[in-house]
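Here's a quick tour of a few spots worth a look. Have the sequence and the model open side by side.

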Amino acid sequence: MSGLLLDVAVQPSSVGPPVRAARYLSGGPQLPRADFQLRPVPSGFAPQEQEYQQALLLVVALAGLGLGLSLIFIAVYLIRFCCCRPPEPPGAKSPPPGGGCVTWSCIAALLVGCTGIGIGFYGNSETSDGVSQLSSALLHANHTLTAIDHLAHPCAQVLEMVERLDEAVRTELTTLEEVLTQRTELVAATRGARRQAEAVAQQLQGLAFWQGVPLSPVQVAEDVSFVEEYRWLAYVLLLLLELLVCLFTLLGLAKQSKWLVIVMTVMSLLVLVLSWGSMGLEAATAVGLSDFCSSPDTYILNLTREETGLGSDILNYYFLCNQAVSNPFQQRLTVSQRALANIHSQLQGLEREAVPQFPSAQKPLLSLEETLNVTEGNFHQLVALLHCRGLHKDYGAALRGLCEDALEGLLYLLLFSLLSAGALATALCSLPRAWALFPPRNPSASCSGSHLSEPFLHARLEPVPHLR
């Protein structure tokens, strides 16, 4: 029965393939790509290839091209506005026609920019959640893998089992052989148990597959969290800066404060450059991540094999975890299970036949049975921990965080940058025309406050009627 349970326990689960990118993101790999010589580049994720790096840099360069065209358009528009305006007739006090349309178009553009800021906050939060899910999955995978290396985990159990069996071979079984020297068949059974224990110890030593591997999931998780922390903070500062620019620009238009509008125009130009720059980084990252998520298994298997030196059978078992991939530890576990069952049956036979004739053999037999019970308990726990289900679940969670939440958040950030760039370009074209419509202020009146004190002055000079 125990052998049957072992055969069932170590079979791969029918876990489906890892999650892929969301359906509405599946068109990313079909987009054309080219290097600096405009030669087509395959859409497969290959960040180590120079052609693929050039294709991503070309995506960033497209955003730079968009920034250059925006600045040229704004400069041409403002030069035409400043140099080609028809002269105003002397004494004209009414605003030129179309002034209200210009102001309201600027306000509408700023409101669109505020909408984009809300989208940007949501996208930044989604990206952060996806990366946090990736880091959590890596940490949980490290907890499972260090189960083969450190004290509270499977490797310690393997070493403990091996040490217990070695100690039993050196002490209790040797003592039994000395006690049972008069019965050759009992000595042969004892030596058979010794050979079985040595075989189990040898088989268990090969199960610590992660021992000595240079790749640390904890270090990867810490590096990812470190980069994500600064990325999140940079986007929050950019979003807050653009929000302040939009709000103060609306305030300047409402109060018709020319100096405030001029300052916000300069700040809008700065935020416009930052928006186009973030758009290029977001587009390149989204393209690369979409390529990765379209087929992550091959790339991750090759990278893990290069970094760890593990065999393809172990990596395929844990990353794929389906019925088509067999457990690479199946034979070792089966041999160990059968050996433990044989040792158990041999010890029971020795207890029945040897203890009545040799009472001194009872103590080493009881010690051996205790060691065997502890070893069997640890062995069954090790069988469960070596199953691919746990690590494959972490792998799927990491891909879901990266290919669903993080990629979706990147697209929202890309939409924010696009709306921000369009809104700020429109505002930069409209603001100079808007402040040109502001009525001029009387410096003496604004400084002396005569327009405020004059009504009260008239009130003091009026005669007060006498009360009768």
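## Transmembrane annotation

In this predicted model, the place to begin is UniProt: an unreviewed entry there puts the feature "transmembrane region" at residues 55-79, 100-122, 232-253, 260-279 and 410-431.

Two of those spans can be set against the coordinates. Residues 55-79 come out as 100% helix and 0% strand, with 36 Å between the end C-alpha atoms. For residues 260-279 the chain is again 100% helix and 0% strand, and the end C-alpha atoms sit 28 Å apart.

## A nonpolar patch

Now for some surface. Leu62, Leu65, Leu69, Ile72 and Val76 together make a nonpolar surface patch of about 510 Å². One of these residues, Leu65, belongs to helix H2, which covers residues 50-83.

Which side chain of opposite charge is nearest to Glu126, and how far away is it? That would be Arg231, at 11 Å. Glu126 is buried, but it has no salt bridge.

As for its setting, Glu126 is part of helix H3, residues 99-145. Leaving aside residues up to four places away in sequence, Glu126 touches Asp405, Ala406, Glu408 and Gly409.

## Helix H10 and what follows

Helix H10 spans residues 312-320, and its buried residues include Ile314, Leu315, Tyr317, Tyr318 and Phe319.

Key
Residues are numbered from 1 along each chain as its sequence is written. This is a predicted model: local features need pLDDT of at least 70, side-chain atom pairs count only at pLDDT 80 or more; totals for chains, interfaces and linings use all residues. Side-chain values use heavy atoms; hydrogens and water are left out. Patches are made of residues with over 30% relative accessible area and no salt bridge: like charges are joined within 9 Å, nonpolar side chains (Val, Leu, Ile, Met, Phe, Trp, Tyr) within 5 Å. Accessible areas come from the Shrake-Rupley method with a 1.4 Å probe; for residues, only the protein chains shown count as cover. A salt bridge is a side-chain nitrogen of Lys or Arg within 4 Å of a carboxyl oxygen of Asp or Glu. Helices (H or I, at least four residues) and strands (E, at least two) are DSSP runs, numbered from the N terminus. UniProt positions are given in the numbering used here, feature names are shortened, and annotations may be inferred rather than shown by experiment. Buried means under 20% relative accessible area, exposed over 50%, partly exposed in between (1.4 Å probe, protein chains only). Lys and Arg count as positive and Asp and Glu as negative; His and the chain ends are not counted. Contact means heavy atoms within 4.5 Å.
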